[in-house]
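Please keep the sequence and the structure in view while reading.

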Amino acid sequence: MNKRSFSDSIANRKVFQAIGYTLVFLMLACGVMTLDILIYRALPSWHSGIIAALLLFIVIDRFYTHRHFASLTPLSREWALALGTQWILILVVSRFLLSYAEGIDSLRSDLLLFTRGNLIELITPEYVFSLLLALLFWYLTGQFLDLLDESGLNQELALQEEQVPGGLIPVHQRLVSLIFSLGIGLVIVAALTRVTIHAAASTDRFPGVEVSRVSGGEAGALLYFVFGLALLSLSRLMSLQIHWNQLRIPVTSPNLARQWGIYSIAFLLILAAIVSLLPAGDSLGFFAVLRMLLGFLMAVLVFLGQIIISLLFLLLSIPMRLFGRITLPISTVPPRLPTVPLEPVSSAAGGIPWALIKSILLWGALVVIVVFSLIQFVRQHEGLLAALRKSRMVNWLITAWQWLSNAAVKTGGSLSHGIAAGWQSLVARLERRRLLSRAGWINLRGLDPRRRIYFFYLAMLRRGAEKGLIRKPSQTPSEYALILEKELPSALEDIDSVTGAFIEARYSRRDVNASAANAVRAAWGRIRQALQKLPGPAKSNKR
Amino acid sequence: MSGTFLPLLVVLLVIAAFMQGDFALTVIYLVVGALAAGMWWGRRALSQVQTKRQFPNHAFLGEQVKIHLRVQNKGWLPVPWLELRETLPVALVGPHGFQTVTNLGPRADTHFEYSVQARKRGYYPIGPLSVSTGDVLGLSDSLHVQTPSEALIVYPKIISLPSIEIPSHSPQGTLRHTLPLFEDPTRVFGKRGYTSGDSLRRIDWKSSASSGRLQVKLFEPSIALETCIILNLNADDYYYRTRIDSSELAIIIAASIANWIVEKKQMVGITVNGRDPILAGGKPQALTPRKGKPHLMRLLEVLARVETIDGSPLAPLLQRQRYQLAWGTTLIVITGTINQDGLDELHQARQSGQNPMLILASKDFADEAIRHRANIYGIPVYSITTERDLQIWTKESRRA
């Protein structure tokens, strides 16, 4: 029973791993892009492109070596050796990449310094900053990969995690925390990318600070959250599968994982579409943002490829130069990263009414968000609610609110009654003066069940009259039903039930429920069909 | 999730305020939208899921009961995952109940079938069915709902009794009897020659005319067996070491005798001083003597549900029944043991024209003393401590 579930999760594991790693890479690429733009804006003399490439290289390297590191015992000799080797490589590669960014001559001189042992001279602020960022991304990538393993990529680890007694935070929650925590940092970085500090230029509010309208960092932050949500969806599925395996609950649906993917993509796309429609000032379009990220990634990957090719050329050119024969063409300038659109895609065109609507939507959405967040917060902190209820001030506010809401309901009720009465009297007057024709349709859904039964009975009278079966004013509903039954023997029971229901609805105080009205409707449908078959005015009426 | 959600929201709001809206607002929409939409989806999907269980709610011991579970999504919103966990009685299924995971598309339904084995008599709740679901992102907690349980009644074991001897003094019945006092004029079984003193009403004129000698009809004696079974499930009246087995045996005896009596087209009723789990007061319903299979099923239902009870002595129950039952009714008392008060009540019943009979369903050291006292009162006593004893008893009755 449980085998199927296990086999499914094992079959899906490779797909999950591929998707999970891709999403983590994209999220971190968004982070790299945002940081890159911040460095580019704040410190234009630094090689932000090289730093971005270095960080992405470290992320890829971490993916590649993660399995090996996971198999080693922490703090063991093998672990220390592997870690040391990796970091020595990172230190050397980052130094020479930064040197290479200055040009081939700079690289040569730095190599000379390195061979002579003048290592202190190689340590520059840019290098130290790059290493700190490298350490941060190395750590973050490891964190994401560890959490993915615990979520279900590593079955043994995930099952151990599942067996951990309550009290510890579940792995999915830890992933949510990590994504949101990193998101907070990224949002702050993205906000900083828009701030340019000048000595001369200044705004009225913040002297010396200029806020640009749009920067590419925002795209990174936005996409980071989109990919983060996709990763959460994957992690949720893996956690659930592990949970079901642990409890030996079989999964009977053969395509649960595939449909999960479809639902997740549809959910995120709908969410993205709604979000892009909501007013948020000078926003970039969703697809424009996506295009920007893909362009950035392509440029970085091309850059990395060029670096590798250049290194190969360099290695080949060194023995060539010794013989003084051929000099291979080596690019000394790293490729430029994609430029960020400085003008917003959507403008505030449409005039004042559109601006007003957008403003109302904006403030409405904000109010809804704040209220929703407060409700969630209070729900998750039940103690807070109890404490608030004890407060005299809060009690007073609640009483005042109740009084206000009651008064509003009463006022609203009397107002609507007044308006309805006024409208009816107006319509009646106009009808009397034949200025307004009676409305030719009635909204059945707007009627209560009792009135719906009236409606169907009156419809029966009207259709009957059209066929010559006119109800005399002296006839009771039962007497009229007898006449109708004579002409329509096939609908005898239906006529009885409609008439009975009408009598009960009209002359009793019993509650009439919707099912009774629906039954009358069905019966009336059959009577109508029977009436339609009657040829012309019936004879019985002429008697 | 609130641990990071609120700081994120605060940071975003501050940035939105300082940066005049823009991307921070978009991120707010995205995060809050994902949370709100996920919560809404989960709740909405769960409210649209309907489950329906179908199974025969009565079963005989040893039968396999198939339970069909239909899960239907009434709405247009798909249900990404649905965890179903049925709570089933351990006595029927063992440690593994029914549990599964599925997903439902818009307005889709799925069927499951599982079975339980009616291994032990009793009143068993099938369910409740716990249905869990949630959003695809896992930002909000999983949602659970429980559908109510339904009852399955497993009837007690019925041992087919070929013949047993149950005393009755009710005349004009349908069962044959050896005492000529209860000759039934509707049951002619032969003729003999007239002897002096024979009633003229018994002369068969047709056969007398054809044979040329006076012939007298011979009537088969018969009795009406109106029986009331009194099942004592007072826990103190069973030896504590074998209480569970002995009380179950007492129920099997009661069911088997009731079945035998109904098969003989006689009337049988039952009174139990145990506990009925489904009735408000816990007092089992007393069934007055009636005929027929439907009545037997009602009787078996009571026997399927009853459990032992503490502090409910037999004597007061016997006293109450004694006044209610008609003259000539057979009173079969099935108990573990009986004290002097109980025997006195049975003696009183005998004095007032009823036919008490005592069946001891528990091995007790006081058996001989009880048997001795019962013999003095003229009350037949049978000691049945195993199901095999019940078979032996029926054979002895047949021989007798």
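## Terms and model

Two strands count as paired if DSSP finds at least two bridges between them. Helices (H or I, at least four residues) and strands (E, at least two) are DSSP runs, numbered from the N terminus.

The model is predicted: local features need pLDDT of at least 70, side-chain atom pairs count only at pLDDT 80 or more, and totals for chains, interfaces and linings use all residues. Residues are numbered from 1 along each chain as its sequence is written, chains are lettered from A and ligands numbered from 1 in the order in which they are written, and side-chain values use heavy atoms, with hydrogens and water left out.

## The three-stranded sheet of chain B

Strands E2, E10 and E7 of chain B form an open sheet in the order E2-E10-E7, with mixed pairing. Its edge strands, each pairing on one side only, are E2 (58–59) and E7 (122–126) of chain B. E7(B) and E10(B) (residues 150–154) run antiparallel and are joined by five bridges; Tyr123(B) has Ile153(B) in E10(B) as its bridge partner.

Helix H6 (residues 293–305) of chain B lies across E2, E7 and E10 of chain B, at about 100° to E10(B). Such angles run from 0 to 180 degrees between N-to-C directions, with axes fitted to C-alpha atoms, for helices over the stretch in contact.

## The four-stranded sheet of chain B

A second open sheet of chain B has the order E5-E4-E8-E9 and antiparallel pairing. At its edges are E5 (99–104) and E9 (143–147) of chain B. Neighbouring strands are turned by 25° against each other on average, direction ignored.

Four bridges pair E4 (residues 79–86) with E8 (residues 129–133) of chain B, and Leu129(B) in E8(B) is the bridge partner of Glu86(B). Helix H2 (residues 23–48) of chain B lies across E4, E8 and E9 of chain B, at about 10° to E9(B).

## Where chain A meets chain B

Contact (heavy atoms within 4.5 Å) involves 63 residues from chain A and 54 residues from chain B. The two chains bury about 5100 Å² between them, 73% of it on carbon and sulfur atoms. Buried area is the accessible area (1.4 Å probe) that two parts lose on being put together, summed over both. In chain A, Phe180(A), Tyr263(A) and Phe267(A) lose the most area to chain B, together 13% of what that side buries.

The interface has zero salt bridges, defined as a side-chain nitrogen of Lys or Arg within 4 Å of a carboxyl oxygen of Asp or Glu.
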